[in-house]
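Please look through the structure below before reading on. The text after it goes from the whole chain to single residues.

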Amino acid sequence: MNGFCSLFSQILKLIPRTEFAALVKQTNAEWHSRGFASWDHFVAMLFCQMGRANSLQEICQGLASCEGKLSHLGVQAVRKSTLAYANANRPWQLFEAVFHALYGRMRGQLKPGGRKFRFKNKLVSLDASVIDLSLKLFDWARFRRTKGAIKLHLALDHDGYLPCFAVLTDGRRHEVKVAHELHFAPGTIVIMDRGYNDYALFGRWTREGVYFVTRMKRPSAYAVIETRACTGTGVLKDEIIQFNRYWEARQSCPEPLRRIEFVTADTGDVLVFLTNHLKLSAATIAAVYKQRWQVELFFKAIKQNLRVKTFVGTTPNAVRTQMFSAMIAMLLLRFLQLKSRFGWHLSNLVALLRMNLFTHRDLWTWIDQPFGPSHAPPADPVQASLLPV
């Protein structure tokens, strides 16, 4: 006999109910609630992501069709109007708090890995992605004259490629303004593109002991104070520079920085890197910047596998709730992927998990042997006779 609850129920157990209840109290999420618990709301939105439901009706009917199995989840089937009201009025900050708490727990359970570098510094990629919205439905998200959008700002931890920070803003919010609100531990190496070029940001991180690697904007007025020998394949120049012409640059970032010219082997393009790390080799700096592509792959994965381009609500609160439920789902999926010995591709894991959400099997056996038997057969099977006695 199979003694396991559903895979969905076992995934939800990765989020302790006591911790969830503390976050509900912290965010005051159930103020003036009438019967519809925050846990029910959370389970419904996570089902939207993992079950790839396209609408409120699909969420409610999908859960209602499995009502006999919902007792394992600690929830009841929800009405469409109730879920719509919760998405529009329940504080989205609860989902944000669950996301950060879940990342903190998973970071402690996973071994650092996924990087080929020998240095022990924490490696983080910082980037933002625009998510298009219909201006007729989302009139509050004006981005262009005839276009609506929101922007997802993300910091990707390269130890396991888990998102360690996420914030949603309107589409017009510049990436640098969000970067100024972030605080990293000393010794962290932050990789970012040219959109984050800001003298005040460079100066603050240098004084705080945070390293950065980025592309240099042109033109930039600087003076070369030291020229280093070019070591490593593809390195054209390795210089220590200091911004010297513009008053803002001199005042905001008086510290010396490092400018590296590097030619790519495949295309022959010349890339100019800027960093405040003066000890790593120039070739290593170029290799570190190449790892920024991982955050682009993360944006691609979340847009292809989760519900972040079509929304079940049109209010700002509903959109933020659905986006953070997607980030929570991505954390859970990446955790299962890293814990598995099967070698899942994320898209394959999402597809098969969607088909087996309410299958009663051991979760950890399933992610290691998804095509194996669900349980051991009886020791001495007896086949019933179809002939009359």
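What follows is a walk through the fold, the helix packing, the aromatic rings and a few loop residues.

The model is predicted. The protein chain has 14 helices and ten strands. Taken along the principal axes, the C-alpha atoms of the chain fill a box of roughly 100 × 50 × 35 Å. The chain has 389 residues, and 51% of them count as buried. Contacts can also be sorted by how far apart the partners are in sequence. Among contacts between residues at least 6 apart, 62% join residues at least 24 apart.

Helix packing comes next. Two packed helices are described by the angle between their axes and the distance between the axes. Begin with helix α3, residues 38–50, and helix α12. The axes of α3 and α12 come within 9 Å and cross at roughly 70°. Angles from 65 to 115 degrees count as roughly perpendicular, and α3 and α12 are therefore roughly perpendicular to each other. The crossing of α3 and α12 is right-handed. On the α3 side, the contact is made by His 41, Phe 42, Met 45, Leu 46, Gln 49 and Met 50. On the α12 side, the residues include Thr 321, Gln 322, Ser 325, Ala 326 and Ile 328. Ala 329, Leu 332 and Leu 333 of α12 also take part.

A second pair consists of helix α2, residues 17–27, and α6. The axes of α2 and α6 are 9 Å apart, and the helices pack at an angle of about 140°. An angle over 145 degrees would count as roughly antiparallel; α2 and α6 are therefore oblique to each other. The crossing of α2 and α6 is right-handed. From α2, the residues at this contact are Glu 19, Phe 20, Leu 23, Val 24 and Thr 27. They meet Gln 93, Leu 94, Ala 97, Val 98, Ala 101 and Arg 105 in α6.

Now turn to the aromatic rings. How many aromatic pairs are there? The count comes to 20 aromatic pairs. One of these is the pair of Trp 92 and Phe 324, with 5.8 Å centre to centre and 10° between the planes. This pair is stacked, because planes under 30 degrees apart count as stacked. The pair links distant parts of the chain, with its residues 232 apart. Trp 92 is in the loop between α5 (80–89) and α6 (93–109), whereas Phe 324 is in helix α12, residues 316–339. Are Trp 92 and Phe 324 buried or exposed? Buried means under 20% relative accessible area, so Trp 92, at 19%, counts as buried. Phe 324 has 2% relative accessibility and therefore counts as buried too.

Another pair is formed by Phe 335 and Trp 364, which are edge-to-face, with 6.4 Å centre to centre and 80° between the planes. This pair also links distant parts of the chain: Phe 335 lies in helix α12 and Trp 364 in helix α14, residues 363–368, 29 residues apart. Phe 335 counts as buried at 3% relative accessibility, whereas Trp 364 is partly exposed at 35%.

Phe 20, Trp 39, Phe 42 and Phe 95 form one aromatic cluster. The charged end of Arg 320 sits over the ring of Trp 92, 5.7 Å from the ring centre. The charged end of Arg 144 sits over the ring of Phe 143, 4.0 Å from the ring centre.

The last stop is the loops. Phe 119 is found in the loop between α6 and β1 (123–133). Phe 119 is buried, with a relative accessible area of 13%. Leaving aside neighbours within four places in sequence, Phe 119 is in contact with Ile 189, Leu 280, Thr 284 and Val 288. The C-alpha atoms of Phe 119 and Ser 65 are separated by 52 Å, and these residues are 54 apart along the chain.

Which value of phi does Asn 28 have? Asn 28 is not a glycine, yet its phi is positive, at about 55°. Asn 28 is found in the loop between α2 and α3 and is partly exposed, with a relative accessible area of 47%. Arg 52, also a residue other than glycine, has a positive phi near 50°. Arg 52 is found in the loop between α3 and α4 (56–65). With a relative accessible area of 22%, Arg 52 is partly exposed.

Conventions. Residues are numbered from 1 along each chain as its sequence is written. This is a predicted model: local features need pLDDT of at least 70, side-chain atom pairs count only at pLDDT 80 or more; totals for chains, interfaces and linings use all residues. Side-chain values use heavy atoms; hydrogens and water are left out. Rings of Phe, Tyr and Trp (its six-membered ring) pair if their centres lie within 6.5 Å; planes under 30 degrees apart count as stacked, over 60 as edge-to-face and the rest as tilted. Helices (H or I, at least four residues) and strands (E, at least two) are DSSP runs, numbered from the N terminus. Buried means under 20% relative accessible area, exposed over 50%, partly exposed in between (1.4 Å probe, protein chains only). A charge sits over a ring if NZ of Lys or CZ of Arg is within 6 Å of the ring centre and within 35 degrees of the ring normal. Axes are lines fitted to C-alpha atoms, for helices over the stretch in contact, and angles run from 0 to 180 degrees between N-to-C directions. Angles under 35 degrees count as roughly parallel, over 145 as roughly antiparallel, 65 to 115 as roughly perpendicular and the rest as oblique. A crossing is left-handed if the near helix is turned anticlockwise from the far one by less than a right angle, and right-handed if clockwise. Contact means heavy atoms within 4.5 Å.
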